[in-house]
Amino acid sequence: MMGGNDKLNSRFVEGLKKFTKKWEFVLLLILLAEFVIFGAANFEKFMRIGSIFSSINNYISICIISLFVTFVMITGGIDIQASSIVGLTSIVIGVLWSDAGLNIWVAVLLAIVTAALCGALSGFFVSYCGVQPMVVTLGGSFLYSGLALLISGLSKTPAYQGISGFPAKNDLGQFVSFRALGKMLVFDLIPVQIIIYVVLIVLCYLLLHKSRYGRRVYLVGVNRQAAEYSGINSRWIIMSTYILTGIGAAIAGVLLTANVDSAKYNLGSTFTLSIITAVVLGGTLSTGGKGSILGTALAAIVICILRYGLPLCFGISNQNLDLPIGIMLVIVVAVRAVLALNRKPLFRKLDRESLPRN
Amino acid sequence: MKLIKRFLKIRWLSSLAFLAVMFIITGLVNPGFFTYSNIIECFNSSVVFTLLAVGVAFVIMTGEIDVSIGSTMGLAAAIAGMLAQRGQSWGLMIVYSIVIGLLIGLVNGYGVAVLGVPSLIFTLGTTGIIRGLVYVFSGGKTTENFAGTFTNFGSQTLFGQITIYYTIVLVIVIVTHLLLTQTRSGKYFIAVGDNVGGATLIGIPVTATKIVAYVLCGIFAAISGVAFASKYGQVNIVAGAGYEMSAIAACVLGGISLSGGQGNLAGAAIGAVIMSTISRLLVFIGLSSDFDNTIKGVMLISIVVIDALMQRRSAETARRERLVARASGSAR
């Protein structure tokens, strides 16, 4: 009995040791450091669970989309169109609901389908026509934001105003129906978006790390040719990752529309660089084959807390926040690159030693 | 037929043909477009984009990318605006912007070429830093109320209604284009982008070439900031955000491959004219400028998809011809 326990213990310790060598562990340390520093600077203001949650809530779209973009980047692609799909989703919901008079949930469903189709179109060009993902999604970002503007022209409401007045409260004054997605607090504390985010993290984790599909995504990213030879339809796998990103952007668009009570064609148009920052900071290689959902999620939260804590504790204005986040990104990627450079000779040495001697 | 085929192979010429077709279509729909000043105005108004696109073309040719040009432009524009408020001369602004561009280019080049960080990610990081610096320098306020001479300078025309700015840009583009296509070290950019390993083996200084590409890109972007400030007469804190994507799109339209090693600067300049005139042409056709982005997107995607399919087809034909030649050779 004792022995079994020891074995379990040592396995646990080994797992822990393995974890400390992982990038996610470093992110966890950074997150911890943020809490310590911000807490020490201004404990009273910083340590309010409610405001921490609402700060994450402000960036929930970036958090959600970055989860899905991780899939694309693991296959070796990149997606810079997701942020324009956010606006497209929003305006499609608005026009279908207010001008076409559809039920709000039907409108939401149709918007998500539209977004998935947009992702599928770009994915098709990337995987079946062999165009570089950066170019296709660059074109996609123009196309889908342009379409969003055109669709907003179909509405009676002027484009710059945004369609508002979505079904919100019941007779008791509680948030129900569509607006509940953006405003409801679970236990009067946790915004419902955060619950959705956590559910999405779990789903994406299972999909990427525990399913056959996830294995294939990794294999396509590591070596597409080998993946093809082992019978994986790499084209379909690559296309499907863009569809997933489209759906992710649509979910973000729905939540954002519900939160601000305004369907606008240019919602989320400035998210692109932040999304990629989160994915990259999460340890995903832009060349493909490496990355994890947990890393992306942690990195997104690290950025959220930084954006929340810096203005609150050090009085840095909100406009200046690009600077520290940029510095953090540059330092992190530079340090990782330098470490990788130093590690290379070590590997070569090991290789030479492991060669059979004759 | 053969002539057409050869013509299509010179990628920047087909971009020029595309631009001409765009003009002709606009003219057919609305004959009022076909005046000298309308067409010249299309070129004049593309100064900022031309500088950005030509600058980033250096980097794209070497197979890397730079998304920090938009914020570099914003920073240079804000500083140029501040100098103009103090009544400083145009030459000083150019000196300042060259220094800014040089520094930013060196940082980007060091990160990408020496440290080996993927270029998209590194320049993404510097984008944030530079944008932050814009806030710091301008104090979060829009820089405006320039001295009049500075903004008037941009609209002065030299000969045949071409503005001074476009003349300068045209000279720069032609000179750099010739340098890149006719000189030995000018061809390094394409060589590095085409095949890094091969370039290293024949003794091309790959790291230095990439750093030079980033420095040139930074300087061009910073100078475009001066042109921006002089054109619009005010610089807000997010000036230039999103311009990087349009500049990259212009390069693609000009026949520069994003995987490097293909294209030239003339193509980038023509692509920039295409990108910046679409909204102007739409007005003449009678569509609202709401169609602007949709048409840009459709154009960009269809051009690259057609290009990719054509390249695949020509590779397939070449392979088949090789097989046929081999088969007939062994039959003998």
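## Contacts of A:Phe71

In this predicted model, A:Phe71 touches A:Leu208, A:Val217, A:Thr241, A:Leu244 and A:Thr245, leaving aside neighbours within four places in sequence. A:Phe71 belongs to helix 5 of chain A. Is A:Phe71 buried or exposed? A:Phe71 has 31 C-beta neighbours inside 10 Å, so the residue counts as buried; the cut-off is 20 or more.

A:Ser292 lies 221 residues from A:Phe71 along the chain. Their C-alpha atoms are separated by 8.7 Å.

## Helix 5 against helix 13

Helix 5 of chain A covers residues 60-74, and helix 13 of chain A covers residues 234-260. Their axes come within 8 Å. They cross at roughly 175°. That angle makes the two helices roughly antiparallel, because angles over 145 degrees count as such.

Which residues of helix 5 meet helix 13? On the helix 5 side they are A:Ile60, A:Ser61, A:Ile64, A:Ile65, A:Leu67, A:Phe68, A:Val69, A:Phe71 and A:Val72. Their partners in helix 13 of chain A include A:Thr241, A:Leu244, A:Thr245, A:Gly248, A:Ala252 and A:Leu256. By class, the contact of helix 5 with helix 13 has 15 nonpolar, four polar and no charged residues.

## Helix 15 and its end

Helix 15 of chain A runs over residues 293-314. Its 22 residues, at 1.5 Å each, should span 32 Å.

A:Gly315 follows helix 15 of chain A. The phi of A:Gly315 is positive, near 65°.

## The largest nonpolar core

The largest nonpolar core has 196 residues. Those with the most contacts inside this core are B:Leu52, B:Ala53, B:Val56, B:Ala57, B:Ala250 and B:Cys251. Helix 12 of chain B, residues 206-232, gives the most to the core, with 15 residues.

What does B:Leu52 touch, leaving aside its neighbours within four places in sequence? The contacts of B:Leu52 are B:Ile69, B:Met73, B:Phe220, B:Ala221, B:Ser224, B:Tyr243 and B:Ala247.

## Where chain A touches chain B

The contact takes 41 residues from chain A and 42 residues from chain B. On the chain A side, the elements giving two or more residues are helix 8 (133-153), helix 14 (272-281) and helix 16 (322-354). Helix 8 of chain A supplies the largest share of that side, 15 residues.

By class, the side of chain A that touches chain B has 25 nonpolar, 15 polar and one charged residues.

Technical notes: Residues numbered from 1 in each chain as written. Chains lettered and ligands numbered in written order. Predicted model: local features only at pLDDT ≥ 70, side-chain atom pairs only at ≥ 80, totals over all residues. Axes fitted to C-alpha atoms, helices over the stretch in contact; angles between N-to-C directions. Helix = DSSP H or I, 4+ residues; strand = E, 2+ residues; numbered from the N terminus. Parallel < 35°, antiparallel > 145°, perpendicular 65-115°, else oblique. Contact = placed C-beta atoms within 7 Å. Nonpolar A, V, L, I, M, F, W, Y, C, P; charged D, E, K, R; others polar. Expected span 1.5 Å × (residues − 1). Buried ≥ 20, exposed ≤ 12 C-beta atoms within 10 Å, placed from the backbone. Core = buried A, V, L, I, M, F, W, Y, C linked by C-beta atoms within 7 Å.
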